[in-house]
Amino acid sequence: MRFRAKIVDLACLNHFSRVINTIAKLAKSCTLRLTVSKLYFILSDKVANGGVSMWCELCQGNFFDEFQMEGVAAECNEIYLELVPENLSRALKTAQSAKAVKIKLTNKHCPCLRVAVELPSLSSSSRIVTHDIPVGVIPRRLWSDFREPSVPDFDVSIYLPALKTMKSVVERMKNLSNSIVIEANLSGEMNLKIETDLVSVTTHFKDLGYPPWASGDGCENSAQGRDLESMTEACIDIRKLQQLLAGQQVNPTKALCNIASKRIVHFILLHEDVSLQYFIPALA
Amino acid sequence: MPLSAEPAGSSGEQYLLSASLDNARHLSSLLRAVHFQDHATCFATANGLRVTVEDAKCIQANAFIQAEIFQEFAVQEESVTFRINLSVLLDCLTIFGTSSLPGTPTALRMCYRGYGYPLMLFLEEGGVVTVCKINTQEPVDLLDFDFCSTNVVNKIILQSEGLREAFAELDMTSEVLQITMSPDKPYFRLSTFGNAGSAHLDYPRDSDLMEAFYCNHTQTNRYKISLLKPSTKALALSCKVSIRTDAQGFLSLQYMIRNEDGQICFVEYYCCPDEDITEAEL
């Protein structure tokens, strides 16, 4: 098992750091899956996470100038590591103006990702700051736990409103209630609702589009036969939603969600080089 | 549900209180200046809205938002009173965030049907509408400090910038804030007695910051610092503050606050003295 990679381009480095920062806000600990062409940050829906799952995919070619990976075996040319993304995020903080960052899988005393940041210096020799991030190597027999989650049979699919507005609203609603109802219809309307003994608050978003597959084969029910105005809803833990929204450092190119009535909300956030899927199950 | 669809007396019932405000911040920033307890009493008359917060039976803060600040303000009876959770109200008024971007104010419509009904808020920003229903409670008796101008012994008016730093840096390890007002030196002194020692801050009567100085008797009074500390929020917003004491040592702090549109509103704090020390303690 071997892994070594290098980033030299500052823009790529900052972009990568931002991705890691977002992941760190969403998961205390997650799985990093390395393949020849991609990196994946995976959180599987264990009870400990509150049933939330995450699937984040990056094309290594868009970030790394050098990327060499040799998996556990020739027929399984992949590596699965368990890591605390906050550690990686902190290591990358020192790399904001770095000349280069090298990441290498080592096993001196225990498996680690060694992040070596080469910093500019006035003298001829560079300064190198090295961080050893402990990782757990996940054995092959457990790899099936980390398969890409299947997209649920959703009842409605809709583009999200401006994330900034959604974030402000959800942050305030979080002070008032532990759970939030997300509902949407095929007419581009979405409502966020909370209701307690003290107060009820509903925010209405309109004129949101819906992605092309919404009325196609992604949906069990074709749009023609359905009432476009009827709302599909799911009640979820508001903190999970707030975590997702608060973690977004950059505005995604596309942001949408699929709702399976009373079962699960599936968020898809697409940036140029990164796709992030986040599943929040409905509260019982 | 757009704001225009909200029924104004659609079932034949009029709202006892209905008000519109183009910029919800004109209300939320004032309410924040008195937000040191969860509950507040709202009192509305044709003159406007008064929101009162009290604590420990010794401190009371009032925010006054006069009718002219609102684009529309209608009260169907002589007065309308209800008690409401101020933290919840503030979260609703600031639902779209608290950043002060000048181009995108949040518009507010507020309606109250009467006793037993919730307060309805309709907030709109950039085409997004939020509807809030906040339960109201039975109003309780409020303290009456009976602080009228004829009882005032000492009064000064200061420009707020002079006091802001002092209040922000009050030694909170001191149990009390001691205020001395006198026709003689030190004229106006703020003192604290904390773990590290005592601190005195003197303002001379001829200071540029002093707009008015009417002190005829020397008075030194102490107030519980934990009760007065929340007034720092009102001070931060204000441009001027008037400080008055009466013969019993009750303190009145009146803050003149100019909002984003240049309109004037007032917030006042009343506080009971902690101990009665009327002789000079210099």
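This is a predicted model: local features need pLDDT of at least 70, side-chain atom pairs count only at pLDDT 80 or more; totals for chains, interfaces and linings use all residues.
View 1. The buried residues of helix 4 (residues 238-246) of chain A are A:Ile238, A:Lys240, A:Leu241, A:Gln242, A:Leu244 and A:Leu245, where buried means under 20% relative accessible area, exposed over 50%, and partly exposed in between (1.4 Å probe, protein chains only). Helices (H or I, at least four residues) and strands (E, at least two) are DSSP runs, numbered from the N terminus. Residues are numbered from 1 along each chain as its sequence is written, chains are lettered from A and ligands numbered from 1 in the order in which they are written, and side-chain values use heavy atoms, with hydrogens and water left out.

**View 2. The contact between chain A and chain B.** Chain A contributes 18 residues and chain B 21 residues to the contact, which is defined by heavy atoms within 4.5 Å. About 1,500 Å² is buried between the two chains, 55% of it on carbon and sulfur atoms; buried area is the accessible area (1.4 Å probe) that two parts lose on being put together, summed over both. In chain A, A:Arg172, A:Leu198 and A:His204 lose the most area to chain B, together 39% of what that side buries. The count of salt bridges between chain A and chain B is zero, a salt bridge being a side-chain nitrogen of Lys or Arg within 4 Å of a carboxyl oxygen of Asp or Glu. Helix 3 (163-176) and strand 14 (199-205) of chain A each supply at least two residues of the side of chain A that touches chain B, and helix 3 of chain A gives the most, with eight residues.

**View 3. Strand pairing across the two chains.** Strand 14 of chain A pairs with strand 9 (residues 128-134) of chain B in the antiparallel sense over six bridges, where two strands pair if DSSP finds at least two bridges between them. Within this pairing, A:Ser200 has B:Lys133 in strand 9 of chain B as its bridge partner.

**View 4. Strands 4 and 19 in the sheet of chain B.** An open sheet of ten strands in chain B has the order 10-6-2-3-4-19-18-17-11-15, with antiparallel pairing. Its edge strands are strand 10 (136-137) and strand 15 of chain B, each of which pairs on one side only. Strand 4 (residues 59-66) and strand 19 (residues 264-271) of chain B run antiparallel and are joined by six bridges, with B:Gln60 standing opposite B:Tyr270 in strand 19 of chain B.

**View 5. A salt bridge between B:Arg25 and B:Glu260.** The closest N and O atoms of B:Arg25 and B:Glu260 are 2.6 Å apart in this salt bridge. Because B:Arg25 lies in helix 1 (residues 25-32) of chain B and B:Glu260 in the loop between strand 18 (251-258) and strand 19 of chain B, the pair ties together parts that are 235 residues apart in sequence. B:Arg25 counts as buried at 18% relative accessibility, whereas B:Glu260 is partly exposed, with a relative accessible area of 48%.
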